[in-house]
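Dear colleague,

Please find below the structure I am handing over to you.

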Amino acid sequence: MIPLKPFAINVVFSEEAFYFYPLEDWRAENIGQMRKKSYGFTSEGEEIFQYTLKSVAGAEIEIITFGARITSCKVPDKNKRFKKVVLGFDSLSDYLKENPYFGAIVGRFGNRIANGTFSLDGKEYSLAQNNGGNHLHGGNKGFDNVIWEVDEANSSSNELKLSYFSYDMEEGYPGNLEVDVTYSLKNDNSLEVSYEAVTDKKTIVNLTQHSYFNLSGNFSEDILGHEVKINADKFLPVDQTQIPTGEIREVENTPFDFRKAKLIGENIEDENEQLKRSFGFDHCWILKKAENTAHFAASSYHKESGRLLEVFTTEPGVQFYSGNFLDGTLPQKGGKGTYTRRSGFCFETQHFPDSPNQRHFPSVELNPGEKFSSKTIFKFSVK
Ligand code: GLA
């Protein structure tokens, strides 16, 4: 006898909307409007889960417990056609292999620390030199490559709270650090990412979200035709190894002037030493800051689709990275083609690279008894 294929449809009613979820596997589970399913196992046999958050306006964000990564983000264009606008892979096995932090939470320290060393209260610490001679994005096994616990999956507020316990001297950083990241999808299609951390020993913390965006919804199209605006008069020039030189430079009369929206491609190939050193844009802009609340940091607009992404943050800087190191070796989502150079860009809101070694940059130190907190909002709309 041929066994019957399991088939079921779950209908979830809420005040504003209802959704149909075909249950394509027995293990999937609906938590109100949120959906949880197994995403596979690591080579050590640990199970990874995927959560899908869906807004009333229809945006859909998928997050996995490996690296607290956003694996998919589906938003409408001006004709209400939904497409995926964040680079990612189809399966866990690709996330387990080396990749450029696709969708991940980066920590304990986002971006570079010169020579992988810094000192706190006169004591020197050595970190992995995993980027030339420098330390990058938390080291060999940063927060992008660890399994996060789910503390709360709240379907009424559409919030997913993940936590990670980073032990004292993990990747060379001092102090047991308890980190929480909460993803909250609002009904206006904005995704709020809130971070909190506490330590039991003085340490450094600089967390960021490393999603690559391509608002066209076509991962085979490069991002040079996207407009970008950055709310900054100044940026941080880098040396040959992409460490800030310490200079704070005006953007005026440079290719780094995004105060008025312009295409990413407009100046990216200009004869410019800074663009050469980073193979394109890969710099930290110093944001004009409003008091205490999340302020406008940057935006990107893709004219053909009408999709607009606006970013607000409590952080003092944004690393705008134009996907210069994507090299056509990683498979696209959906099984067609690969991610070629500049097929995605990142707005990594954060403190400045190499801050522990540059005393004139805002401090990244966290002391016992203090609470690190930070918030970034990625708002999707059309115009
Ligand atoms: C950041 C860095 C880049 C690169 C990417 C990921 O943007 O500044 O140099 O490491 O992350 O590849």
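Which side chain does lysine 54 join through a polar contact? The partner is the side chain of glutamate 60, at 3.4 Å. Please bear in mind that this is a predicted model. Lysine 54 belongs to strand 5, which covers residues 47-54. With a relative accessible area of 14%, lysine 54 is buried, because the term applies to values under 20%.

Searching the whole structure gave 20 salt bridges. Three of them are described here.

In one, lysine 371 meets glutamate 196, with an N to O distance of 3.7 Å. This pair links distant parts of the chain, 175 residues apart: lysine 371 sits in the loop between strand 29 (365-366) and strand 30 (372-382), and glutamate 196 in strand 17 (residues 190-199). Lysine 371 is exposed at 54% relative accessibility, whereas glutamate 196 is partly exposed at 32%.

In another, arginine 259 and aspartate 233 are paired, also at 3.7 Å from N to O. Arginine 259 lies in the loop between strand 22 (249-250) and strand 23 (262-263), while aspartate 233 is in strand 21 (residues 232-236), 26 residues apart. Both are partly exposed, arginine 259 at 31% and aspartate 233 at 23%.

Lysine 234 forms a salt bridge with glutamate 250, their closest N and O atoms lying 3.8 Å apart. This bridge connects strand 21 to strand 22, across 16 residues. Lysine 234 is partly exposed at 31%, as is glutamate 250 at 43%.

Finally, shared partners join Asp233, Glu252, Asp257, Arg259 and Lys288 into one network of salt bridges.

With kind regards

Technical notes: Residues are numbered from 1 along each chain as its sequence is written. This is a predicted model: local features need pLDDT of at least 70, side-chain atom pairs count only at pLDDT 80 or more; totals for chains, interfaces and linings use all residues. Side-chain values use heavy atoms; hydrogens and water are left out. Helices (H or I, at least four residues) and strands (E, at least two) are DSSP runs, numbered from the N terminus. Buried means under 20% relative accessible area, exposed over 50%, partly exposed in between (1.4 Å probe, protein chains only). A polar contact is a pair of N or O atoms within 3.5 Å; within protein, one must be able to donate a hydrogen and the other to accept it, and residues adjacent in sequence count only if both atoms are side-chain atoms. A salt bridge is a side-chain nitrogen of Lys or Arg within 4 Å of a carboxyl oxygen of Asp or Glu.
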